[in-house]
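Hi,

Here is the structure I promised to pass on to you. Have a look at it first, and then read on for my notes on what turned up.

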Amino acid sequence: MSQSQTLKGIDYLQGNEALVEGAIAAGCKFFAGYPITPSNEISERMSWRLPQVGGIFVQGEDELASIAMVIGASWGGLKAMTATSGPGFSLMQEGIGYACMTETPCVIVDIQRCAPGQGIATKGQQGDMMQARWGTHGDHEVIALAPASVQEMFDLAVEAFNLSESYRVPCLIMAEEIVAHMRDKVRLRDPSELRLKERRRPDIPPGKKIDFHQLDDEAGIPPMPRFGDGYRIAVSAFSRNRMGYPITDRDLHGKLLRRLSNKILNNIDAIARFETSFLDDAEVVVVSYGTPARSAKSAVKAAREEGIKAGYVRLITVWPFHHEKLRALCGGAKEVITVEMNLGQIFGEVERAVARNAHTSLVSSPGVEPPTPWEILSKIREVA
Amino acid sequence: MGEAVEHPALKYFRKERLPHVWCAGCGTGQIFHYTVKAIEELGLDPDRVVWVSGIGCSGRIGAYWIGDNMHTLHGRPLAFATGIKLARPELKVIVHGGDGDLASIGGNHLIHAARRNVGLTVICVNNFNYGMTGGQVSPTTPLGSVTTTTPFGNEEPPFDLCDLVASAGATYVSRWTTFHARPAINSIKKALQRDGFSFIEIVSQCVTTYGRRNRMGDGPQMMRAFQRMSVTKEQAARMSEEELRDKIVVGEFVDRQRPEFSAMKRELMKMARGG
């Protein structure tokens with residue numbers, strides 16, 4: 001590539017646009033997606049930016065095709081991504097499960113909108129958080145990130161590719177309409193300052209029978225060959241033996257299932273990231289993620305000004321959910337308030353983490369707008 | 001005593017996977033054979049040929065291929081294959097699918113892959129029913145045929161898949177039956193030499209679920225029936241709709257040139273980069 005067309009420096013962008021630049025900086029070379037509000041700016045920008053950097057954009061005939069093309073391109077050796085919103089995310093679930101089972105690196109962006117059903121296409125919600133975790137059938141682990149700012153739309157796009165490549169797992173960016181359409185100053189980091197991760201390739205030459213599918217290591221991540229390089233790999237979402245061939249054996253199935261989970265869960269300390277403040281002496285901790293965290297932070301600051309010992313935790317990584325770490329962060333707090341833009345999905349996970357030590361409550365909005373700082377502050381005052 | 005002679009297709013088959021899943025008399029293994037025969041006669045390097053398949057009896061074809069293969073989701077093999085072709089345009093990508101996989105649950109991908117002219121060689125194993133799940137009606141089941149979900153005879157008219165993909169833009173289209181070994185192999189060879197979206201429908205005998213319920217006999221008997229039912233497109237042109245009702249029209253229907261999808265994407269890249 002004689003001329004790098006990766007954009008750098010300070011820009012003023014919409015969240016969806018910043019996310020595209022983050023993906024391109026991370027080395028994304030393939031995008032397939034189907035039109036759906038409020039994610040459209042992603043595919044629109046991808047359609048002119050990807051060809052400039054030697055990548056390929058396809059508008060799929062539907063979401064089923066889009067996720068399938070992304071998985072195919074990933075096995076063809078490209079870093080690949082799709083973007084959608086609730087109804088399309090539902091359609092992609094089978095493909096996401098296929099990617100989990102075949103350990104295919106790929107990034108799936110869900111710009112969540114008010115749901116269920118058609119809901120409100122132009123307004124945000126965090127209604128797909130449990131679908132992100134359990135939307136596809138069967139036991140599995142995924143990684144899901146929740147950006148709270150335009151800068152994070154860029155940064156977490158990079159992070160999503162890094163995690164997906166490192167762990168050979170689909171990585172979901174669970175943003176919503178508000179941060180997707182928010183405009184703000186964003187620093188487009190130079191790829192040279194990013195520490196980009198690439199999937200591990202086989203380190204032995206083709207021609208030998210290699211164990212690409214099952215490892216004795218209970219949390220291992222097998223190397224991933226690329227189609228056409230002579231490794232003669234059989235890819236399938238059947239439960240499989242070491243050669244990738246279908247099995248019906250309880251022990252082998254269990255071993256595969258546990259490895260697919262453990263490769264994520266055993267690395268949860270490295271994967272799960274939090275932003276925290278005012279926690280040292282906090283008696284009331286507010287836990288949030290995504291756009292509502294902006295309200296939560298204002299409310300915690302206001303409470304501090306009133307002399308209330310309030311603390312702030314933002315989940316940057318929502319899945320895998322790090323219960324133990326959250327419990328430790330909430331420490332001696334007697335009250336833990338969860339703030340989210342749904343009727344209480346992640347609230348249940350926060351309860352699992354802290355209910356033994358603290359009283360829990362929820363401040364939620366049904367979507368359209370996040371809970372206001374005033375609503376959160378009122379709750380803080382009430383429980384403090 | 002001479003040594004047992006190995007079947008010529010076996011060197012392209014993952015022998016460690018034997019026995020295969022197909023029933024005695026099934027045509028799917030023949031179609032595996034026709035495909036590897038075409039590859040062999042063209043002298044293609046198996047390491048540069050990826051087989052993709054979906055779900056169903058024919059979905060298992062690809063998984064036995066000695067080279068790279070991908071057994072995908074029901075209905076979606078063409079979309080997976082499109083991603084592979086775009087990422088690795090220098091590879092030959094072959095898709096095997098049944099009538100249910102390609103024309104029912106995957107019908108949308110079939111017409112769009114043909115419209116885009118994605119450089120894939122698609123071999124549709126048309127056995128008139130869903131064999132793997134016990135023999136339900138499919139979009140190609142002939143009118144009046146008995147299946148597990150049409151106990152009184154099928155009342156839905158079937159798709160003509162060759163017409164469908166030809167209308168959608170496929171650049172090579174032909175239809176044969178498992179009886180037509182040599183023409184089918186030649187068609188696959190032609191398709192593999194074309195750049196664009198090639199579609200070969202091969203009517204295949206499903207002895208266990210379709211043939212049995214419709215009293216068509218064993219594998220060889222079903223193949224003889226296909227022979228009797230087949231008419232060339234030239235013969236068909238002189239026949240009435242009524243006369244064609246129980247016939248299989250065989251031959252090459254389309255052989256034309258149009259820009260291939262992955263090549264067009266590469267052109268677009270050059271344009272976008274100002275070169």
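**Where the two chains meet**

In this contact, 32 residues of chain B touch 33 residues of chain A. Please keep in mind that this is a predicted model. On the chain B side, the elements that contribute two or more residues are strand 2 (69–71), helix 3 (77–87), helix 5 (107–116) and helix 12 (261–272). Helix 3 of chain B gives the most, with 8 residues. Sorted by class, the chain B side that touches chain A has 15 nonpolar, 9 polar and 8 charged residues.

There is strand pairing between the chains as well. Strand 10 (residues 234–236) of chain A is joined to strand 2 of chain B by 3 bridges, and the two strands run parallel. If you want a place to start looking, Ala234(A) sits opposite Asn69(B) in strand 2 of chain B.

**Two domains in chain A**

Chain A splits into domain 1 (9–193) and domain 2 (272–383). Their C-alpha centres are 26 Å apart, and 24 residues of domain 1 are in contact with 20 residues of domain 2. On the domain 1 side of that contact, at least two residues each come from strand 6 (120–124), helix 5 (129–134), strand 7 (143–145), strand 8 (170–176) and helix 7 (177–181) of chain A. The domain 1 side that touches domain 2 is made up of 16 nonpolar, 4 polar and 4 charged residues.

**A sheet in chain A**

Chain A also has an open sheet of 5 strands in the order 11-13-12-15-16, with mixed pairing. Strand 11 (274–277) and strand 16 (359–364) of chain A are the edge strands, each pairing on one side only. On average, neighbouring strands of this sheet are turned by 20° against each other, direction ignored.

Within the sheet, strand 12 (residues 284–288) and strand 13 (residues 310–315) of chain A pair in the parallel sense over 5 bridges. Helix 11 (residues 323–330) of chain A lies across strands 11, 12, 13 and 15 (335–340) of chain A, and runs at about 5° to strand 11 of chain A.

**Two helix pairs, one in each chain**

In chain A, helix 1 (residues 15–25) and helix 2 (residues 40–52) pack at an angle of about 45°, with their axes 8 Å apart. That angle makes helix 1 of chain A oblique to helix 2 of chain A, and their crossing is right-handed. Asn16(A), Glu17(A), Leu19(A), Val20(A) and Ile24(A) of helix 1 meet Glu41(A), Ile42(A), Arg45(A), Met46(A) and Arg49(A) of helix 2. By class, this contact has 5 nonpolar, 1 polar and 4 charged residues.

In chain B, the axes of helix 1 (residues 28–42) and helix 7 (residues 181–193) come within 8 Å and cross at roughly 55°. These two helices of chain B are therefore oblique to each other, and their crossing is right-handed. Among the residues making the contact are Tyr34(B), Ala38(B) and Leu42(B) of helix 1 and Ala184(B), Ile188(B) and Leu192(B) of helix 7. The contact of helix 1 with helix 7 of chain B divides into 8 nonpolar, 1 polar and 3 charged residues.

Best wishes

Terms used:
Residues numbered from 1 in each chain as written. Chains lettered and ligands numbered in written order. Predicted model: local features only at pLDDT ≥ 70, side-chain atom pairs only at ≥ 80, totals over all residues. Axes fitted to C-alpha atoms, helices over the stretch in contact; angles between N-to-C directions. Helix = DSSP H or I, 4+ residues; strand = E, 2+ residues; numbered from the N terminus. Parallel < 35°, antiparallel > 145°, perpendicular 65-115°, else oblique. Left-handed = near helix turned anticlockwise from the far one by under 90°. Contact = placed C-beta atoms within 7 Å. Nonpolar A, V, L, I, M, F, W, Y, C, P; charged D, E, K, R; others polar. Pairing = 2+ DSSP bridges. Domains from an automatic or database assignment.
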